[in-house]
Amino acid sequence: MKIALMDSGIGLLPAAAAVRRLRPDAQLVLSSDPDGMPWGPRTPDDLTTRALAVARAAAAHHPDALVVACNTASVHTLPALRAELEPDIPVIGTVPAIKPAAAGGGPVAIWATPATTGSAYQRRLIAEFASGTDVTEVPCPGLADAVQEADETRIDAAIAAAAALTPSTVTTVVLGCTHYELVEERIAKALRPVTGRDVSLYGSADAVAAQVLRRIGAAPLPDAAPAGADSLTVLLSGRPSPLPRAALAYPEAHVLHGQVTTA
């Protein structure tokens, strides 16, 4: 089994680690675009061009499925990616976990990039899955970039700024950018003094990992023997590479055990 994941940067790590936990025997291809980061400010056409290049680099390794582990790319590029790759390679997008978060009744906050916050896309999801729930959209400027660079000072500052915009009544927070799941514990810690309680955090990685297995008709086998030493291929803007140094700051990178192949 070979699963490819794509993103602008290291935001694909949480979903990749979730796939690895469900299927330790899976080979993984991680395809990102450091040359084109950030994707958020790009026009939809420009973003689609970048995303197609990243997807083609992954597809050249003949995966059984491709995960678009990026909320922004899922919003704007899924039709183009599916038109090119399916049915040969199923393409699985990433949707913010608004539906399960709202199931608890709220109040709910959605932390997302400034480009996503207030967008028609996010508002549609709120209307569809959280109608009648008290929802606050919280922009998090600079947080994804700080996570990408593993800049702890900037991470803490961006989290503190977002926490200050989060209502004290909130019981649940949706992590609306895949990068945010890499600093989930820091977000939870920052919210405790704001809300006076432990807030439930909802990311998308586990749901995406489960969905990709369903799409290819594979069952979870968490006790399977781990894949071999060449089970992880990393592509940076199409170039075979080691994992970026910043990725190693996060536990999710170390779940992806095994040596990285550059072949």
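Trainee: Where is the place of histidine 61?
Mentor: Histidine 61 sits in the loop between α2 (44–59) and β3 (65–68). Helices are DSSP runs of H or I with at least four residues, strands are runs of E with at least two, and both are numbered from the N terminus. Before we go on: this is a predicted model, where local features need pLDDT of at least 70, side-chain atom pairs count only at pLDDT 80 or more, and totals for chains, interfaces and linings use all residues. Residues are numbered from 1 along each chain as its sequence is written, and side-chain values use heavy atoms, with hydrogens and water left out.

Trainee: Why is histidine 61 called buried?
Mentor: Buried means under 20% relative accessible area, exposed means over 50%, and partly exposed is in between, with a 1.4 Å probe and protein chains only. Histidine 61 has a relative accessible area of 19%, so the buried label applies.

Trainee: What makes helix α1 (residues 13–22) largely enclosed?
Mentor: Of its 10 residues, 8 are buried, so the rest of the structure largely encloses the helix. Those buried are Leu13, Pro14, Ala15, Ala16, Ala17, Ala18, Val19 and Arg20. They pack against β1 (2–6), β2 (27–32), α9 (205–215), β9 (232–236) and α10 (251–255).

Trainee: What is leucine 13 in contact with, beyond its neighbours within four places in sequence?
Mentor: Contact means heavy atoms within 4.5 Å. For leucine 13 that gives Leu30, Leu182, Leu243, Ala247, Glu252, Ala253 and Leu256.

Trainee: Which residues touch the most other members of the largest nonpolar core?
Mentor: Leu13, Leu28, Leu30 and Trp111, in a core of 55 residues. A nonpolar core is a set of buried Ala, Val, Leu, Ile, Met, Phe, Trp, Tyr and Cys residues joined through side-chain atoms within 4.5 Å. There's also a second, separate core of 22 residues, which includes Ala59, Leu66, Cys70 and Leu78.

Trainee: How do you know that the buried residues of α5 line one face of the helix?
Mentor: In α5 (residues 120–129), the buried residues are Tyr121, Gln122, Leu125 and Ile126. Down the helix axis they fall within an arc of 140 degrees, so they line one face; the arc is that of the directions from the helix axis to the C-beta atoms. On the face turned away from the buried side are the exposed residues Ala120, Arg124, Ala127 and Glu128. The cover over the buried residues includes α3, α4, β5 (108–112) and β6 (135–139).

Trainee: What makes a space a cavity or a pocket?
Mentor: Work on a 1 Å grid over the protein atoms alone: a cavity is a set of points where a 1.4 Å probe fits but cannot get out, while a pocket is an open set with protein on both sides within 12 Å along at least five of seven lines. Lining residues have an atom within 4 Å of a point. Grid points are joined across faces, edges and corners, and a volume is the space filled by probe spheres set on the points.

Trainee: How much space lies in the largest pocket, and which residues lie nearest its centre?
Mentor: About 490 Å³. It is lined by 27 residues, with Gly203, Ser204, Ala205, Ala207 and Val208 nearest the centre. The largest share of the lining, 7 residues, comes from α9. By class, the lining has 13 nonpolar, 5 polar and 9 charged residues. Here Ala, Val, Leu, Ile, Met, Phe, Trp, Tyr, Cys and Pro count as nonpolar, Asp, Glu, Lys and Arg as charged, and the others, Gly among them, as polar.

Trainee: How many cavities of 30 Å³ or more are there?
Mentor: The search of the whole structure finds 2. The largest cavity holds about 70 Å³, and its lining has 9 nonpolar, 3 polar and no charged residues.
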